[in-house]
4 protein chains.
Amino acid sequence: MSAVPQGVVDKREVILRAAGKVIAEKGYHATGIADIARELGAGHGTFYRYFKNKEDIARSLVVRALGQMQDAIADEDPQSSRSLGEYREQVRRIGNKLFDLVVAEPDLARVLFYDAAAIARTDPGVLGSAVENAGAYTAAFIRNGQTRGFVRRELDPQVVGLAVNGMILAGCAQLLHVRDAEEMRTSWIRTVETLMFDGLGGT
Amino acid sequence: MSAVPQGVVDKREVILRAAGKVIAEKGYHATGIADIARELGAGHGTFYRYFKNKEDIARSLVVRALGQMQDAIADEDPQSSRSLGEYREQVRRIGNKLFDLVVAEPDLARVLFYDAAAIARTDPGVLGSAVENAGAYTAAFIRNGQTRGFVRRELDPQVVGLAVNGMILAGCAQLLHVRDAEEMRTSWIRTVETLMFDGLGGT
Amino acid sequence: MSAVPQGVVDKREVILRAAGKVIAEKGYHATGIADIARELGAGHGTFYRYFKNKEDIARSLVVRALGQMQDAIADEDPQSSRSLGEYREQVRRIGNKLFDLVVAEPDLARVLFYDAAAIARTDPGVLGSAVENAGAYTAAFIRNGQTRGFVRRELDPQVVGLAVNGMILAGCAQLLHVRDAEEMRTSWIRTVETLMFDGLGGT
Amino acid sequence: MSAVPQGVVDKREVILRAAGKVIAEKGYHATGIADIARELGAGHGTFYRYFKNKEDIARSLVVRALGQMQDAIADEDPQSSRSLGEYREQVRRIGNKLFDLVVAEPDLARVLFYDAAAIARTDPGVLGSAVENAGAYTAAFIRNGQTRGFVRRELDPQVVGLAVNGMILAGCAQLLHVRDAEEMRTSWIRTVETLMFDGLGGT
DNA sequence: TATGAATGAGCGTTCATTCAT
DNA sequence: GATGAATGAACGCTCATTCAT
């Protein structure tokens, strides 16, 4: 019933996947066009029909990765929570979704954590704005909590956003070095949850 | 003629400084030996008398940077705090010391945040163990708190260590993009403190 | 269905025109098959049905251009002049015809003057023989004049042929850089005529 | 007695010679950096220490060639001749000097006649102005003759300049294809002389 | 010890040519 | 016949490294 023939996938996507795999393995600078060509089983020239140059492949890869992260949590509305409890639930859900993504697409995460910074030296805009956007996104949750009265008013939402994201990033990065991801998932999410909502101290 | 040469600083250190400056500006891969030579006012060959190769300079730079961070907080004993309040004081002091360091040596921080990951692709051990060490260091504070009874026992110290370090890293990275560092210092440290000890909720 | 297809022009000719236009603009080596394809509105492969390769198009272009020059003056019989005056008339007519051709088809001339030499590096025969032929053609006029007694006998007709052609070529090349071609025409033809028949000196 | 050590020649000059040889043989576009390197017995990189890029070598070659032509006839003052006879002498001398140059440095001439036009497509200024300069130089002789009254006043000096240069160029080009250069020299110079000063007709 | 000219492996990129559709 | 996506040989160029001075 579909007009789109099966088995025909976007060629750019196929190339991005191959490039993502090799770059995740060897790193952006150590990866040659020849490596990507070999991985894909195609000639060098084929890339240059779909990407302007090597940097373009890398940037597309980072943009795609950021997009997938955004998509993964797109259905969490920063303004939906009406209580600290509901926000806590959201944090738990978001944490799990990001875990799922990293587990499903480790290449993506590896490129993001190891190479994005280096790539960004050439084109600072891409990553810079992504970090800002992510910070603003988390900040929106905090601001909502402050408006509704269940989050401390003296905190600067933007700063909290960056700090929380820092914890999350550290978790995702760590995930790439762990054997049993599921084992880590629970303890990590509980830790973030506790830090955000309970503090270290107490009973 | 002097057995105690005055004004003779370690040549390695001088080269490291020059390299650090250029790499902080242009990024590791975009920096050529020629750039460092120009910065130092010396011939290319001079480097190869003090460093094995380009990668060696970079790695030494990262190691030195990590060392400086460690030195900055070396006098904070993970086992000294006897109460949550004392630990809170320690966290505040450590935060300020790291801020001081980043403000004093932004090149160092820039290399660490932008290039260390890329450099680590060639020699994963350096950075990997540093992250582990830093995590273990922070974890030691948590473990001390648990032993003394003022930190929740259900938390995994190692995970908390990584999460807290993630927040701190995010802060340092952000610091590099901010005009007025002092303005940011207070709000950032207060945020970390609040997250660690009070939680978002409350009055 | 018609045995005499109307409106069907030789496809080779159409391609040659397109190629001639682009090569005249950008030069042979800077022109890619893609440029010619774009100019023609056809796929790359189409060329390879009509021309063996890129060089073949270029050579055909040069051959065609030389042919057109030859055609333009084909009705001037080297043996028809019976006096210096008649020869002088012929020279004037030939000059005008070549001017007409260059004005009508500047692309052709541009290819000939700028690219033919470079193209000839691969296939020296084409242009070499053309130069020889042109020399021989002009020489035939001289030889006729010598036979009939109105041209100095001590001159080597072949050398005179090449020298005269050199003047004519210089004129055509110059024509491509001039705004008002008609203004140039008279003075150029008069100059060649004077040099050939009167010499610089005298009243 | 010389402060300049013997055997130490300008490296640029050495490279230009090697490049000139190879380019004269194979043509500019067919010549790779590798070919020049092989001819010189040096690495590729060496070129890039002395020339910005391939085009720079080519342009330098053309500029040098043009300079040598200019130098060869530099001591012929366009204003020195006081009579048609003296001018005729000058023309003969200039012709011989250019012949000498082409015979002594055929590579130089080959590059000029075969490749300069193609090179000029990228950088039209170099050759364009050279042609203009050469034309103006020859024109100065004509103008001098007109001022002194021994050259026809109705001729446009500039046009004559280009026409005469056209003859000379044709001669030099021809010289490259001839076995016995000396045999050609006399007949060529006499032909040009006759055309310029006597005309074809007459006894 | 210091130098920087020389090196050449290796890279990213282009583009004439092919051939399955 | 016409197409244009795919190809990969071949190119110009860079830059980390060496070594004669």
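Which N or O atom in a side chain lies 2.7 Å from a phosphate oxygen of DNA strand F? In this predicted model, the atom belongs to the side chain of Thr46(C). Elsewhere along DNA strand F, a polar atom in the side chain of Arg49(A) is 2.2 Å from a phosphate oxygen. Gly43(C) takes part through its backbone, with an N or O atom 3.5 Å from a phosphate oxygen of DNA strand F. Two or more residues are given to the surface near DNA strand F by α3 of chain A, α3 of chain B, α3 of chain C and α3 of chain D.

Sugar or phosphate supplies 64% of the atoms of DNA strand F within 4 Å of the protein, and bases supply the rest.

DNA strand E is likewise surrounded by 31 residues, and the closest are Thr46(B), Lys11(D), Thr46(D), Arg49(D) and Tyr50(D). Of the atoms of DNA strand E that come within 4 Å of the protein, 63% are accounted for by sugar and phosphate. The backbone of Gly43(D) has a polar atom 3.3 Å from a phosphate oxygen of DNA strand E. Bases of DNA strand E are also approached: an N or O atom in the side chain of His44(A) is 3.5 Å from a base oxygen, and a backbone N or O atom of Gly45(D) is 3.2 Å from a base nitrogen. The elements that contribute two or more residues to the surface near DNA strand E are α3 (44-50) of chain A, α3 (44-50) of chain B, α3 (44-50) of chain C and α3 (44-50) of chain D. Eight nonpolar, 17 polar and six charged residues make up this surface.

Some pairs of protein chains do not meet. Chain A and chain C are not in touch, and 13 Å separates their nearest C-alpha atoms. Chain B and chain C also have no contact, with their closest C-alpha atoms 31 Å apart.

Within chain D, two helix pairs that share α4(D) were examined. In one pair, the axes of helix α1 (residues 11-26) of chain D and α4(D) come within 10 Å and cross at roughly 95°. This angle makes α1(D) roughly perpendicular to α4(D). From α1(D), the contact draws on Arg12(D), Glu13(D), Leu16(D), Arg17(D), Ala19(D), Gly20(D) and Ile23(D), while α4(D) provides Ile57(D), Ser60(D), Leu61(D) and Arg64(D). The residues of this contact are five nonpolar, two polar and four charged.

In the other pair, helix α4 (residues 54-72) of chain D packs with helix α6 (residues 106-122) of chain D at an angle of about 130°, and their axes are 10 Å apart. The helix α4(D) is therefore oblique to α6(D). The crossing of α4(D) past α6(D) is left-handed. On the side of α4(D), the residues that meet α6(D) are Glu55(D), Ala58(D), Leu61(D), Val62(D), Ala65(D), Leu66(D), Gln68(D) and Met69(D). Their counterparts in α6(D) are Leu108(D), Val111(D), Leu112(D), Ala116(D), Ile119(D) and Thr122(D). The contact of α4(D) with α6(D) consists of 11 nonpolar residues, two polar and one charged. Leu61(D) is listed in the contact with α1(D) and in the contact with α6(D).

Key
Residues are numbered from 1 along each chain as its sequence is written. Chains are lettered from A and ligands numbered from 1 in the order in which they are written. This is a predicted model: local features need pLDDT of at least 70, side-chain atom pairs count only at pLDDT 80 or more; totals for chains, interfaces and linings use all residues. Side-chain values use heavy atoms; hydrogens and water are left out. A residue is near a molecule or strand if one of its heavy atoms lies within 4 Å of it. A polar contact is a pair of N or O atoms within 3.5 Å; within protein, one must be able to donate a hydrogen and the other to accept it, and residues adjacent in sequence count only if both atoms are side-chain atoms. Helices (H or I, at least four residues) and strands (E, at least two) are DSSP runs, numbered from the N terminus. Ala, Val, Leu, Ile, Met, Phe, Trp, Tyr, Cys and Pro count as nonpolar, Asp, Glu, Lys and Arg as charged, and the others, Gly among them, as polar. Axes are lines fitted to C-alpha atoms, for helices over the stretch in contact, and angles run from 0 to 180 degrees between N-to-C directions. Angles under 35 degrees count as roughly parallel, over 145 as roughly antiparallel, 65 to 115 as roughly perpendicular and the rest as oblique. A crossing is left-handed if the near helix is turned anticlockwise from the far one by less than a right angle, and right-handed if clockwise. Contact means heavy atoms within 4.5 Å.
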